[in-house]
6 protein chains.
Amino acid sequence: MEGTDVTAAPGFFKPITGSVMPRFAGLATLMRLPYVQAHDPEFADVEIGLVGIPWDGGTTNRPGARHGPRQVRDISTMIRNVNRASGIAPFSLCNCADLGDTPVNPVDLMDSLARIETFFNGVCGAGIAPLSVGGDHLVSLPVMRAIVKQTGPLGMVHFDAHTDTWDGYFGGFKYTHGTPFRRAVEEGLLDPKRTVQIGIRGALYSDAEDTWGQEQGIRVIDIDEFNALGVEGTIAEARRVVGDGATYLSFDVDALDPVYAPGTGTPEIGGMTTLQAQHVVRGLQGLNLVGGDVVEVSPPFDPSGNTALVGATMMFEILCVLADSVRKRRG
Amino acid sequence: MEGTDVTAAPGFFKPITGSVMPRFAGLATLMRLPYVQAHDPEFADVEIGLVGIPWDGGTTNRPGARHGPRQVRDISTMIRNVNRASGIAPFSLCNCADLGDTPVNPVDLMDSLARIETFFNGVCGAGIAPLSVGGDHLVSLPVMRAIVKQTGPLGMVHFDAHTDTWDGYFGGFKYTHGTPFRRAVEEGLLDPKRTVQIGIRGALYSDAEDTWGQEQGIRVIDIDEFNALGVEGTIAEARRVVGDGATYLSFDVDALDPVYAPGTGTPEIGGMTTLQAQHVVRGLQGLNLVGGDVVEVSPPFDPSGNTALVGATMMFEILCVLADSVRKRRG
Amino acid sequence: MEGTDVTAAPGFFKPITGSVMPRFAGLATLMRLPYVQAHDPEFADVEIGLVGIPWDGGTTNRPGARHGPRQVRDISTMIRNVNRASGIAPFSLCNCADLGDTPVNPVDLMDSLARIETFFNGVCGAGIAPLSVGGDHLVSLPVMRAIVKQTGPLGMVHFDAHTDTWDGYFGGFKYTHGTPFRRAVEEGLLDPKRTVQIGIRGALYSDAEDTWGQEQGIRVIDIDEFNALGVEGTIAEARRVVGDGATYLSFDVDALDPVYAPGTGTPEIGGMTTLQAQHVVRGLQGLNLVGGDVVEVSPPFDPSGNTALVGATMMFEILCVLADSVRKRRG
Amino acid sequence: MEGTDVTAAPGFFKPITGSVMPRFAGLATLMRLPYVQAHDPEFADVEIGLVGIPWDGGTTNRPGARHGPRQVRDISTMIRNVNRASGIAPFSLCNCADLGDTPVNPVDLMDSLARIETFFNGVCGAGIAPLSVGGDHLVSLPVMRAIVKQTGPLGMVHFDAHTDTWDGYFGGFKYTHGTPFRRAVEEGLLDPKRTVQIGIRGALYSDAEDTWGQEQGIRVIDIDEFNALGVEGTIAEARRVVGDGATYLSFDVDALDPVYAPGTGTPEIGGMTTLQAQHVVRGLQGLNLVGGDVVEVSPPFDPSGNTALVGATMMFEILCVLADSVRKRRG
Amino acid sequence: MEGTDVTAAPGFFKPITGSVMPRFAGLATLMRLPYVQAHDPEFADVEIGLVGIPWDGGTTNRPGARHGPRQVRDISTMIRNVNRASGIAPFSLCNCADLGDTPVNPVDLMDSLARIETFFNGVCGAGIAPLSVGGDHLVSLPVMRAIVKQTGPLGMVHFDAHTDTWDGYFGGFKYTHGTPFRRAVEEGLLDPKRTVQIGIRGALYSDAEDTWGQEQGIRVIDIDEFNALGVEGTIAEARRVVGDGATYLSFDVDALDPVYAPGTGTPEIGGMTTLQAQHVVRGLQGLNLVGGDVVEVSPPFDPSGNTALVGATMMFEILCVLADSVRKRRG
Amino acid sequence: MEGTDVTAAPGFFKPITGSVMPRFAGLATLMRLPYVQAHDPEFADVEIGLVGIPWDGGTTNRPGARHGPRQVRDISTMIRNVNRASGIAPFSLCNCADLGDTPVNPVDLMDSLARIETFFNGVCGAGIAPLSVGGDHLVSLPVMRAIVKQTGPLGMVHFDAHTDTWDGYFGGFKYTHGTPFRRAVEEGLLDPKRTVQIGIRGALYSDAEDTWGQEQGIRVIDIDEFNALGVEGTIAEARRVVGDGATYLSFDVDALDPVYAPGTGTPEIGGMTTLQAQHVVRGLQGLNLVGGDVVEVSPPFDPSGNTALVGATMMFEILCVLADSVRKRRG
């Protein structure tokens, strides 16, 4: 399965090729990219930073997403260079690097949010577009806080089985992996009218559950509408909603059917296929993407690593459209 | 993933909400419903009884379905209140309860069939519509025996990879999980002309294998016809076959492709998706449903619990159309 | 493996026998005991309350112990009536019941500690001796707070790979599963001079790590001393340390070698065997035991359920000596 | 790990060597022996017949032992030629062969017992000493019925966590995997005064549970006495009990601690180690052994195959002492 | 699930029926066929030989396919007689047998290729059409070398995620599981203009990666074109490409989405479904098929055996069209 | 479980502490040490180099050890600073670093041996003592070749179930994981009279299998002698055999009972415990150790990672005695 890597010019920001070091060998970094920390001289040249957020303190059901970045790093060493479908070669377009994991605090939620935001303030402040791997979905919130300081309010293409716009939990608890996007709207990080949620499904707590989002103008494409629109129709609608403004892409692996991503905290049957998800992401090429994430990979619930393989591959798909966008902004 | 359960009025027959007790906590009952036994005063008010049948003595291949009810109970605590697609809120429509497990005898087949039938005689005699979780497919037979005493012969919508209408096994053995529906026709429980079998596939023992069923007038929609008809065509044909009479819904998880339900005794590749199955079940709303079951969940062959999640969710889908039917009969 | 249960007199507080309902069948309660809630009339008659504490918010490494009570309930249905070695029949000695799970809050540590303590205030205030299953080791702290209100400061026999007497974490964070017993000493719940820790091992953070405990007078029997003393010597020393006062027994499954309990958060190789642990617990018969717990069973790291089987069986061993103690105090 | 197999003279009854066909290759037969059926000409020359009994219809708890023979066959291809400890080379002492699996009937207990006995009547009638792999423990009963026709009543060395001498189950059901040896005594197959049970442990149903066996004169060495006597003391006592008469060796893998044999139906913690078991079996060299079995290997509860490896290796240990005995009887 | 096998006339080359020996019982041969070796008299009558090739020495990533034949043999005992969709009953059309495993050498690649080719020279030289199960994809090369001596250059229908036409690895290493078909073209075994590759996907090493194959005239239907053409369009194009000449069918299980075949060395998400693959294979009926293989089943990465079930069933689908072709050539 | 790391002075060669970055977070290096490559300026200051050798091309049975270094790196992040039993703090005694993985070639055995040796020539030539993690046992050979250039012939303490001194395989194949130490003796790398092998067990191919080693003067302490001597006696004998000369320590995880290390290629039941192994290694403090390895960790056969935890912890135990030795030689 390994051939000769004929075109990859050597360079600091190039992945290690499998023709020199087999893919199961060597220290694991995200997509075999160089590991660059803020104090390294190469940090200034990074254009896209791949980051792990090993934290699941916002999880109300099955924990384990804190272990996601480690396993995705491991399995992501199987990723290669060129997207066969789109022809995009992200590592040739932009300087990409693994920036390591953010600091986290497993026993304090608010402290963790602060540590994560501080890390991304450094990343985004250096002009680096972040592509993260979680971690539970609450980690999107501090990432967005950091990005917005550079870009202003964001549109979002959001893949998920759940809207994650609940108000609270157990009464007064406002920060869980079910609430990040209500908080993001309330904080002015997210423009609900430029937000589209794709793949929503599963039973509701109540028939009024979706009301708040509808009132804000969030566009929900639930799984039945997704299948009715088809991949092309969904792409068109998503592009229409987010328009030309700065846009974030958040991919919760539970958007996929659990057979593709059993290693997650809140699986819902009847989801989309990986191929559908790949096609929709590819169809977002040309949007003004400023960052993205893949969240809710929970290795303890899938020791086989298949969920992590899906997560790593979706991260590569997002990287391709993000690199295209970063390159175009750079001119 | 847990929001505020705003509309659920408190009441004895309401599931415990995840906003009070997290879904992984508390004793596991089916869908977090109250546990009601025949000697409890609330038994008289139950309209739909969820029942486990922990028995696999009819299994000729891989055993383990005896462990199905326990694991489905566990995972079914993730089920919520309102069907997003159909809008049905079964726990608001009817009084639902977990009636516990039937008695069984792991070392005697005929004794087990008698114990199971006796239990359901009590349930059905009290006017409760049964929704069971097995157990291997032979458990449908004693359930039907009990229902028919109240309703007369049944039509059936039957999801399965196999017709389960073989005559015998090893010569004279008439009761296995491959024979329940031939026995049911012979005993007059099941009207073959009002029976439709969906998803049949896999190699045959002989090319005459399906002859008996055809002669009885059973309508088989094998997996190729299912995909040719599509979900809507299948629904239409199923509704045509069973008509307005009392109808039973039996869902063998091996109707699904084994990737969705690996934890089963006789997997056959090339099956339907969970989303297809959900859509067909939803399309049966309005039938005169009097009971149903989900069978052949075998936890030892899927320690991850994903098969049980599929089983629990399909049980919820069936519950929605059953509750709608029960409510309409009640007027 | 199931025989006739000849001597068990029927009664409300008796486990369901496997000769009536097979052990894999029926709703799972701890050791098949009746489920009794505070508002039930039988609550007043309970002498020993088995309780689940489904929470792991104090975990700094691998999470999952929140799922412990559910799985231990399931597997504990394999427990029978009479301790072959000691002859103790706990369900004949005392009224035992499953009191269900405590409330918890997965996203707020301090709120969880308060909810757990409140629950146990109700239990202990009713004169019920608690035997809990966690949950991570921090759950012992609120249990002790509730017990101490009835008994005054406790001695403790503590089985663990770790002393759990660190001061803090990440600087100022005082409450983690590595700190409960320093907090308990500071709060006056635990008498360090009547505390013995058995099975301690694994590399240290620093060579001063044990200093605080030694200064308090905690007696540590590390794994090497444990093997040197042998089971009998360890029992004698433990009895000497705790003396006649009110004593708590806390059993962290990581005291055992990970082959016996792989499903735990912080495994350390080179631990004791289950048989050694069983013998030591049996050797504590006659102490003035007022409660106990089994903690750190983390099902996601052992899908096979073997760790839960070990946890359930150790819980039964503790129950035997606790029932003996409760009965003697009752006179 | 494969060396040159220098001494094995070629011959029909020799295992295929790993130096010609790697151990993971080729069709799996027990210990890579030739497969010989009753109609084959070589059948007349077989001295020890290895047989699978793929049946678990007597199981009252977790099923799956029907899959034992297949997995033990697979893993037994790792067995080599010479017992390092005893120097016994069984394949040089006797003509050994894999006789295949007995017929069984998964849906009828009594029919299965008849089919199994008939098969062994053929084996034992041909003067072949049987060494079986189950299957649940009830399979020992029909094997003993067949042997006894050749030998008269048997003594037995029985390794187990349970005595398997219960009277019945669910009232009148006399044949389960918990009753074979009471039936064997009642039928005159087994001489209770020449029977020793080693490793018994686990909680009792009642304190009178062992009475019947004691009255018959069965010698029980429970796990505590086993550890007190030590391997040598146990061997001496076992030899004293069974004496010089025809003796059967029955090895239930649940005699071992579950960490060695998790893949079994009724695990009990606190069992013996494989090394202890190997030593005791080796210490039985010189007894008048006429057959043996390894039972209760249940692959669905141990997908890793480690339990099967333990079963296959214990089968080899038994084969060594059985071959020594057969050879000596042959003269 | 087992019925009466009414039409199967008894005969040497018939599979053992599940109505006589349950499918989990008995020694495992491929599809329960008789095991026939070159020195057996029945060898001369075999028309289609099922063969295992237990070798993965060409694997550059995750090993384990050496264990494929053993596990496929085991699970293939679930295969029955008649293809429901096509009506083909292969065991009635042709004499089929399990020819066992080829010799292999786990520590020497070139020696293994020679041993495998020698084995197939014997098979093909006897006029037997081979249907193999690997092993990694390099095993197709020695099989083709043996077939071509009888048939001349082959066309091929090749299902795979990868083209396996790389030139070399690590510089000068020409033989890996990524290079067999470039070698086959260079050696004149494979006619590139009669070769079609279906299901190709995954990221590329470089954008020139596919150039060589295109220059040779190999027709690649990547996964996107496959879905665009649909099953029928793909069948038509495949039939057009390979025409009437002697044709080989090679099925790498990684052509399927990893949810269907996780147990493989180089999984790529976004693949075809088993049902699609079954339909395409059935659509090849009438081609001039002379042999086939199923490769890259790697049991260590799927202990559940589901991948092996898929492999065995695809092997049965290929057998059906191969038997039809062999029967037609026989006249 | 995480306390304050009070004594660890900051410094380049110190592990990252769990009080700053949780143990599940951050890129995985061996024991959280800095990653240092030959071209880094810090390379000159390294005293002990931890190295992965991701290769299993010498494996004749179950492959997968090529994945060992990656998983041991991951799990080794749980290792802390100070050996509780011996008081040794290796990271304070010596500059330790993770030197990464050696180059390997998965498809060519001899090329791999050359690449590995070249790597270690660089390490040993720089005066760094190597501590490796494999990989199959053949990897010890090129490591020893490199060490011997600095030290002259080595003594060895070798933990294993097998002697690994076979002559060849399949006739002329001299290099497999069963032959490294015969090759090492023949090449003059290993002084057989200063070699002790501990834990040897399992059936033999022939009763002459051990002859060659005995003739060379290798001291074998098989598992029975090991248990007879006890830990102290074994230590004394090992120290006597290897004396004061330069000594290598090779630890094959199959020396342990498979319950401790199921993830290995050739498991043999009846092995030593981890605690015994830890004690023996600790007892080697003071020998003139010049390097060591831990081999045969095969993750695909233990997805739980427990074998890797054992491997990492044994590596830490070896590191402690090696650091003590390196420090003493440094003076």
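Residues are numbered from 1 along each chain as its sequence is written, with chains lettered from A and ligands numbered from 1 in the order in which they are written. As the model is predicted, local features need pLDDT of at least 70 and side-chain atom pairs count only at pLDDT 80 or more, whereas totals for chains, interfaces and linings use all residues.

Between chain A and chain E, 32 residues of chain A are in contact with 30 residues of chain E, two residues being in contact if their C-beta atoms, placed from the backbone, lie within 7 Å. On the side of chain A that touches chain E, α8 (274-282) and α9 (306-330) of chain A each supply at least two residues; helices (H or I, at least four residues) and strands (E, at least two) are DSSP runs, numbered from the N terminus. The largest share, five residues, comes from α9(A). This side of chain A consists of 15 nonpolar, twelve polar and five charged residues, where Ala, Val, Leu, Ile, Met, Phe, Trp, Tyr, Cys and Pro count as nonpolar, Asp, Glu, Lys and Arg as charged, and the others, Gly among them, as polar.

The contact between chain C and chain B takes 22 residues from chain C and 21 residues from chain B. Both α1 and β2 (96-101) of chain C supply at least two residues of the side of chain C that touches chain B, and the largest share, three residues, comes from α1(C). By class, this side of chain C has twelve nonpolar, five polar and five charged residues. Of the interface residues of chain C, 95% are also interface residues in chain B, so the copies meet through the same surface.

Chain C and chain E do not touch, their nearest C-alpha atoms being 14 Å apart. Likewise, no contact joins chain B and chain F, whose closest C-alpha atoms lie 14 Å apart.
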